[in-house]
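Dear colleague,

My notes on it follow directly after.

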Amino acid sequence: MSKTSHSNTLIGWREWVSLPDLGVDWIKAKIDTGARTSSLHAFDIHEFERDGVSWVRFRVKPWQESQEDAVDVESPVHDRRAVRSSSGHAQERFVIEMLIRLHDREVLAEVTLSNRDEMGFRMLIGREALRQGYVVDPARSFVGGRAPREARRRNRGKDPVTGTPQERS
């Protein structure tokens, strides 16, 4: 993990990332220097207690246009924060810590859990994660490389092998 390294790795305004702690190999993320904390699309969010510690159980859908490959996750609650959306609405969200693999480097980031169904990206990478050694070129995309064709097709709601549209569930 490269928490203190400030190598100034160049990235674009959108990148494919992986979330090793969650078992998510590919998820398309928007790089958002206007957001302090990173945010992940999560649903079926339920808080519970384990050994006197607050935990959260939730599901993650890594693909934009598909319900396939949803991942069940349990994680300790790192914090709770009031977060103001771009539309101005404040909402209290759970915050967890997780590794994000971005452009061949892993960084530990605080990530809020929210329903991003109506948003263009399942994940936002905010300033706190980017401060760990990234420089954003807003004119570029996918500087860290593209996900394999099968992952890109799944993200667009297509069969990963044939590329034909799949039914949305």
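Lysine 61 lies over the face of phenylalanine 43, at 4.8 Å from the ring centre. A charge counts as sitting over a ring if NZ of Lys or CZ of Arg is within 6 Å of the ring centre and within 35 degrees of the ring normal. Arginine 50 also meets this rule, with its charged end 4.2 Å from the centre of the ring of tryptophan 55.

Please note that this is a predicted model, in which local features need pLDDT of at least 70 and side-chain atom pairs count only at pLDDT 80 or more, while totals for chains, interfaces and linings use all residues. Residues are numbered from 1 along each chain as its sequence is written, and side-chain values use heavy atoms, with hydrogens and water left out.

Tryptophan 55 is found in strand E6. Helices (H or I, at least four residues) and strands (E, at least two) are DSSP runs, numbered from the N terminus. Leaving aside neighbours within four places in sequence, tryptophan 55 is in contact (heavy atoms within 4.5 Å) with several residues, including Phe48, Arg50 and Glu74. Glutamine 67 is 12 residues from tryptophan 55 along the chain, and their C-alpha atoms are separated by 25 Å.

Aromatic pairs

A pair of aromatic rings is described by the distance of the centres and the angle of the planes. Rings of Phe, Tyr and Trp (its six-membered ring) pair if their centres lie within 6.5 Å; planes under 30 degrees apart count as stacked, over 60 as edge-to-face and the rest as tilted. By this rule the count comes to 3 aromatic pairs. One of them joins tryptophan 13 and phenylalanine 121, edge-to-face, at 5.9 Å centre to centre with 80° between the planes. Tryptophan 13 lies in the loop between strands E1 (9-12) and E2 (14-19), and phenylalanine 121 in the loop between strands E10 (105-114) and E11 (123-125), so this pair ties together parts that are 108 residues apart in sequence.

For burial, the cut-offs are under 20% relative accessible area for buried, over 50% for exposed, and partly exposed in between (1.4 Å probe, protein chains only). Tryptophan 13 is partly exposed at 30%, whereas phenylalanine 121 is buried at 12%.

Another pair is formed by phenylalanine 48 and tryptophan 55: their ring centres are 6.3 Å apart and their planes at 40°, so the pair is tilted. Phenylalanine 48 has a relative accessibility of 17% and counts as buried; tryptophan 55, at 17%, counts as buried too.

Strands around E10

The chain has 2 helices and 12 strands. Strands pair if DSSP finds at least two bridges between them. Strand E4 (residues 38-41) and E10 pair in the parallel sense over 4 bridges, and leucine 40 has leucine 113 as its bridge partner in E10. Strand E9 (residues 90-102) runs antiparallel to E10, joined by 8 bridges; here arginine 101 is partnered by glutamate 106 of E10. E9 and E10 form a hairpin with 2 residues between them, and histidine 103 in the turn has a positive phi of about 55°. Of the 10 residues of E10, 7 are buried, which leaves the strand mostly covered.

Nonpolar cores

A nonpolar core is a set of buried Ala, Val, Leu, Ile, Met, Phe, Trp, Tyr and Cys residues joined through side-chain atoms within 4.5 Å. Which residues have the most contacts inside the largest core? They are Leu19, Leu22, Leu40, Phe58, Ile100 and Met123, in a core of 30 residues. Its largest share, 5 residues, comes from E9. Phenylalanine 58 is in contact with Leu22, Leu40 and Leu113, among others, when neighbours within four places in sequence are left aside. A second, separate core of 5 residues includes Trp63, Phe142, Ala147 and Ala151.

Helix H2 and the whole chain

Arginine 154 lies in helix H2 (residues 149-155) and is partly exposed, with a relative accessible area of 21%. Leaving aside neighbours within four places in sequence, arginine 154 is in contact with Trp63, Ser66, Glu68, Asp69 and Pro160.

Of the 169 residues of the chain, 44% count as buried. Along its principal axes the C-alpha trace spans about 50 × 40 × 35 Å.

Yours sincerely
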